[in-house]
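Open the model in your viewer and keep the sequence panel beside it. The stops below say what to select next and what is there.

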Amino acid sequence: MQQKRLTLPNKPELLKSLGAGEGNWRGEWPKGGRFRKHPLLAALVFIPVFVLRAGGRTKSEPHKEGPRESVCLLLLPGQNSLLSMALQERQEPDVYQENFEPTSYLEYYRMNQDPVGDEVLHFLLKHYNATFKPGGLEGKLLIDIGSGPTIYQFLSACESFQEIIATDYTDKNLQELEKWLKKMPGAFDWSPVVKYVCELEGNRDKWAEKEERVRRAVTQVLKCDVLKERPLEPAVLPPADGLISSLCLEAACPTPQACRDALRHLRTLLRPGGHLVLSGGFETTFFMVGDKRFSTLPLNEKFLREALQEAGFIIEKLEKVTRAAETHLDNRSDYTGLFFLVARRGD
Ligand SMILES: C[S@@+](CC[C@H](N)C(=O)[O-])C[C@H]1O[C@@H](n2cnc3c(N)ncnc32)[C@H](O)[C@@H]1O
């Protein structure tokens, strides 16, 4: 017997092509087809599929507490080839599409009103400032991966990159970003954060100018899925000089292997020698957005170093901070610290 890690089929046609005939594979027994004539074959195919569906993330089921490892099944010889076609397609993590409410998430970023958000902002903004200051990283195109509804990550970079492309997995996040970029009614007020960054840069009074600069720099807002080999398809972009991604990989990747793969996917978006600026939380297993709970992949430094090296990056700088005592009582997330790293595409 051979053990194999599986991902889930999501399309009825796949089962149909395996012989399920005309029927609704989600509930009804198929009307005709090979499975009806060969109950054993049906059991071999359907039972593992339903076990997997029960164990995986489903459209109607938000992330729940507990391990995020893929379900492993023992397959009989011969089942492999039969199932391999069906199992090539992973199930879409529509938990974000359906449950991630941008306006609730933005509550974290009300500066001086939310200790967790402040801790994240102070740490990340300090390091973005150091990374993109004159003499630091610069270039033509910068792509942000998993922007969410936030723009704080562009405030320093907009000074040294000509063009920024924001991306996210959910439509609502992209709309929320557009709202701020186009100064639409109801857009989030980023001015306290913008003033803070202008102060880091030496002139708090330039905040309105800075907001306009960000609006000019962000030229596109695109769909993105880091779990895909080509995360931005169908968009075709020139290779970027830089990528940034903050608090995204641990949210997007269900397993360590998915995270290694995602880093490999991101590498394809960068020019040789281009930089990845990656930040996030350490050892986070969940975070709350309003009353919705999102499971995350707990990351640690050893894993990050190995995964980045395996994906073809050379780490140039890795900064970290332990979670402050004041935020420990906040039970909206269990991160133990934060990291900020700069890695170069190593070729
Ligand atoms: C914790 S939020 C981080 C948002 C923002 N970057 C920040 O720093 O606050 C995680 C983001 O990852 C996005 N995400 C989830 N799955 C994704 C995927 N497969 N590909 C890209 N982004 C994804 C979510 O939509 C969400 O905006």
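Which residue in S4 is the bridge partner of Asp 144? Select Asp 144 and look across: the partner is Ala 166. Helices (H or I, at least four residues) and strands (E, at least two) are DSSP runs, numbered from the N terminus.

**Before you go further**

This is a predicted model, in which local features need pLDDT of at least 70, side-chain atom pairs count only at pLDDT 80 or more, and totals for chains, interfaces and linings use all residues. Residues are numbered from 1 along each chain as its sequence is written.

Color by pLDDT, the predictor's confidence in each residue, from 0 to 100. The protein chain has a mean of 81, and 73% of its residues reach 70 or more. Now select residues 1-91: there the pLDDT is below 50, and beyond near neighbours in sequence this stretch has 108 contacts in the model. Two residues are in contact if their C-beta atoms, placed from the backbone, lie within 7 Å. For the complex, the predictor gives an ipTM of 1.00 and a pTM of 0.78.

**The whole chain**

Switch to cartoon. The protein chain has 13 helices and eleven strands. Of its 347 residues, 38% count as buried. A residue is buried if 20 or more other C-beta atoms lie within 10 Å of its own, exposed if 12 or fewer, and partly exposed in between; C-beta atoms are placed from the backbone. Take the contacts between residues at least 6 apart in sequence: 71% of them join residues at least 24 apart.

**Walk across the strands**

Start at S5 (218-223). S5 pairs with S4 in the parallel sense over five bridges. Two strands pair if DSSP finds at least two bridges between them. To see one of these pairings, select Asp 168; the bridge partner in S5 is Lys 223.

Next, select S4, residues 161-168. Six of the eight residues here are buried, so S4 is largely enclosed by the rest of the structure. Step from S4 to S3: five bridges join them, and they run parallel.

Select S3, residues 139-145. Four bridges join S3 to S6, again in parallel. Show Ile 145 with its bridge partner in S6, Ser 245.

Now select S6, residues 240-246. Seven of the seven residues are buried, so S6 is largely enclosed by the rest of the structure. Continue to S7 (residues 270-282), which runs parallel to S6 and is joined to it by six bridges. Gly 242 stands opposite His 275 in S7.

**The nonpolar core**

Show side chains for Ala 157, Ile 164, Leu 243 and Ala 262. These have the most contacts inside the largest nonpolar core, a set of 77 residues. A nonpolar core is a set of buried Ala, Val, Leu, Ile, Met, Phe, Trp, Tyr and Cys residues joined through C-beta atoms within 7 Å. In soluble globular proteins, nonpolar side chains tend to be buried together.

Center on Ala 262. Leaving aside neighbours within four places in sequence, Ala 262 is in contact with Val 226, Leu 227, Leu 249, Ala 252 and Cys 253.

**The ligand**

Select the ligand and its shell. There are 20 residues around the ligand, and Gly 146, Gly 148, Tyr 169, Ser 246 and Ala 252 come nearest. A residue counts as near if its C-beta atom, placed from the backbone, lies within 6 Å of the molecule. Color the shell by class: eleven residues are nonpolar, seven polar and two charged. Ala, Val, Leu, Ile, Met, Phe, Trp, Tyr, Cys and Pro count as nonpolar, Asp, Glu, Lys and Arg as charged, and the others, Gly among them, as polar.

**Loop stops**

- Leu 247 sits in the loop between S6 and helix H11 (249-252). Its phi is positive, near 60 degrees, in a residue other than glycine. Leu 247 is buried, with 23 other C-beta atoms within 10 Å.
- Lys 183 lies in the loop between helix H8 (171-181) and helix H9 (191-200). Its phi is also positive, about 55 degrees, although it is not a glycine. Lys 183 is exposed, with 10 other C-beta atoms within 10 Å.
- Pro 234 is in the loop between S5 and S6. The peptide bond from Glu 233 to Pro 234 is cis, with omega near 15 degrees.
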